[in-house]
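The sequence and structure go in first.

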Amino acid sequence: RTRWQAATLPHPKLVCYLDLAWEDYRPDASPGSVFSATTAFPAATLGNVYFGYPQERWVDFRQLDALKPMLDERIAMCARKGFDSVELDDIDSFDPPSTTGFYLTAGDTQNYLAYAFNLVHAYGMTALWKNNPVLARWGVRYTDGAVVEECYAYKQCAAWHVFTADKTAAQPTGKWVGEAEYGSDHYVCNPGKHCAGRHSFASFCRHVYDGPDGFAAVKFDVDLDGRVFFTCPRGR
């Protein structure tokens with residue numbers, strides 16, 4: 001809230017990132033360590049390695065009761081640390097079984113996420129949807145906004161209009177959507193750099209921030225270490 005670049009923006013909020021995949025470097029990866037055996041991932045819930053991330057494995061969302069202790073502790077941790085919101089990642093586990101290791105359906109994912117999002121709200125935090133355009137229309141009912149990665153580069157931003165179009169008395173302009181582009185993909189140029197067409201930072205802001213989308217739009221370094229942090233409307 002005070003030391004990173006975002007602290008200079010109006011109303012900075014802290015988002016607690018939780019990966020719903022298993023990660024071998026987390027304290028709840030196995031019984032013992034910081035957490036007790038009852039709040040660690042049961043071995044029977046672990047699936048295939050997440051492609052590109054050898055320290056991660058998919059989780060069997062069908063085993064909600066077995067995973068509840070871990071999920072309860074993680075979300076409680078976010079609340080104890082004073083976060084404003086929770087962002088749940090890797091929520092598309094109904095990919096083919098060749099990917100996850102399980103025969104999961106969209107309904108399995110919805111059941112798991114409904115429990116998680118309701119728990120986030122019970123702790124007084126807001127819940128953010130993450131990617132997964134296939135279930136976005138369902139997710140808008142359970143969440144207060146969304147975090148989207150590279151919808152501009154992949155021309156998928158229209159999928160997230162369901163959030164900005166969800167206007168209520170509490171949110172008359174619709175729900176917040178934060179869209180992130182990454183420098184490592186070399187798609188969106190830095191502000192002030194001359195680039196043709198869609199690749200210019202000005203074009204990025206016009207389409208995502210100014211246009212019908214109305215998203216908060218930022219270019220980051222993929223490591224999120226603060227080296228790259230360009231927000232719209234800068235460079236329009």
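Entry 1, ground rules. I am working from a predicted model, where local features need pLDDT of at least 70, side-chain atom pairs count only at pLDDT 80 or more, and totals for chains, interfaces and linings use all residues. Residues are numbered from 1 along each chain as its sequence is written, and side-chain values use heavy atoms, with hydrogens and water left out.

How many disulfides does a search of the whole structure find? I got 4 disulfides, a disulfide being a pair of cysteine sulfur atoms within 2.5 Å. With the bonded cysteines of the protein chain numbered in sequence order, I wrote the pairing down as 1-2, 3-4, 5-6, 7-8.

The torsion about the S-S bond is about 85°, so I noted the disulfide as right-handed. Cys151 has 1% relative accessibility and counts as buried (buried is under 20% relative accessible area, exposed over 50%, partly exposed in between, with a 1.4 Å probe and protein chains only). Cys157 is buried at 9%.

I found a disulfide here with an S to S distance of 1.9 Å. The link is left-handed, with -105° about the S-S bond. Cys189 and Cys195 are both buried.

Cys205 is buried at 0% relative accessible area, and Cys232 is buried at 8%.
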